[in-house]
Amino acid sequence: MDTLRRELIHRIETMPDAELAVLHAFFCGKPVENIHDSNYASISRTISSFLKSYAISHSLDGYEYLRTALHIILENPSEYTDSIEAVYDIVGQEHDCPGPFVKLVIKNLILNVYQTYPKYFKDFPSEEPVPTSNEFLQFALNHLTK
């Protein structure tokens with residue numbers, strides 16, 4: 001099942017913008033005829049590029065949660081400038097699991113990537129060598145909304 005999920009995520013990431021906009025509209029219950037905004041596709045590309053810069057690929061466990069969290073944050077950045085905590089419950093609702101589990105999985109993903117590629121995190125603005133999931137998401141919000 002994980003292999004199928006990862007393959008689907010990869011296919012969505014590499015999908016042309018027009019097709020991605022239609023798919024997003026379908027899942028959000030919007031009429032396809034009213035799609036003129038490729039904001040979702042733009043956010044998807046931005047997130048993919050950001051995650052790749054930290055060696056976080058779609059084949060890693062927890063990637064879907066992290067990607068979903070970043071989408072939620074970047075679609076409404078002003079809602080999350082003060083607190084990232086609420087995003088875990090929202091991601092959990094979308095993936096049918098509890099918010100604390102989502103936070104733990106994202107934390108483990110970041111820890112695993114750090115252990116494999118510590119050089120990507122050497123200039124990361126964190127008090128600890130490995131950023132927490134909150135720190136990583138806050139950094140992503142600040143970095144990607146500049």
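Reply: Happy to. One cut-off comes first: a residue counts as buried when its relative accessible area is under 20%, as exposed when that value is over 50%, and as partly exposed in between. Please keep in mind that this is a predicted model, so everything below is computed from predicted coordinates.

Let us take helix α4, which spans residues 63–75, and start with E64, a residue of that helix. Its relative accessible area is 12%, so E64 is buried. Setting aside residues up to four places away in sequence, E64 touches R5, I9 and H95. A second residue to look at in α4 is R67. With a relative accessible area of 8%, R67 is also under the 20% cut-off and therefore buried. R67 touches I9, E13, S44, I47 and S48, again without residues up to four places away in sequence.

For comparison, here is an arginine from another helix. R11 belongs to helix α1, residues 2–13, and at 55% relative accessibility R11 counts as exposed. So R67 is buried, whereas R11 is exposed. R11 and R45 are separated by 34 residues in sequence, and their C-alpha atoms are 13 Å apart in space.

Now to the way α4 packs against other helices. Two packed helices are described by the angle between their axes and the distance between the axes. For α4 and α5 (86–95), the axes come within 9 Å and cross at roughly 120°. The two helices are therefore oblique to each other, and the crossing is right-handed. On the α4 side the contact involves E64, Y65, T68, A69, I72 and I73, and these meet V87, I90, V91, E94 and H95 of α5. By residue type, that contact divides into 7 nonpolar, 2 polar and 2 charged.

From α4 the contact takes L66, A69, L70, I73 and L74, and from α7 it takes F136, L137, A140, L141 and L144. This contact of α4 with α7 is made of 10 nonpolar residues, with no polar and no charged ones.

L144, in α7, deserves a moment of its own. Apart from neighbours within four places in sequence, L144 is in contact with T46, F50 and L74. L144 is also 85 residues from S59 in sequence, with 23 Å between their C-alpha atoms.

Finally, let us follow the chain on either side of α4. In the loop between α3 (39–53) and α4 sits A55, whose phi is near 60°, a positive value in a residue other than glycine. Side chains of opposite charge can pair when their charged atoms come close. E85 pairs in this way with K103, the closest N and O atoms of their salt bridge being 2.8 Å apart. The structure holds 1 salt bridge. Both partners are partly exposed: E85 has 35% relative accessibility and K103 has 28%.

D96, in the loop between α5 and α6, has a positive phi of about 55° although it is not a glycine. At 73% relative accessibility, D96 counts as exposed.

Methods. Residues are numbered from 1 along each chain as its sequence is written. This is a predicted model: local features need pLDDT of at least 70, side-chain atom pairs count only at pLDDT 80 or more; totals for chains, interfaces and linings use all residues. Side-chain values use heavy atoms; hydrogens and water are left out. Helices (H or I, at least four residues) and strands (E, at least two) are DSSP runs, numbered from the N terminus. Buried means under 20% relative accessible area, exposed over 50%, partly exposed in between (1.4 Å probe, protein chains only). Contact means heavy atoms within 4.5 Å. Ala, Val, Leu, Ile, Met, Phe, Trp, Tyr, Cys and Pro count as nonpolar, Asp, Glu, Lys and Arg as charged, and the others, Gly among them, as polar. A salt bridge is a side-chain nitrogen of Lys or Arg within 4 Å of a carboxyl oxygen of Asp or Glu. Axes are lines fitted to C-alpha atoms, for helices over the stretch in contact, and angles run from 0 to 180 degrees between N-to-C directions. Angles under 35 degrees count as roughly parallel, over 145 as roughly antiparallel, 65 to 115 as roughly perpendicular and the rest as oblique. A crossing is left-handed if the near helix is turned anticlockwise from the far one by less than a right angle, and right-handed if clockwise.
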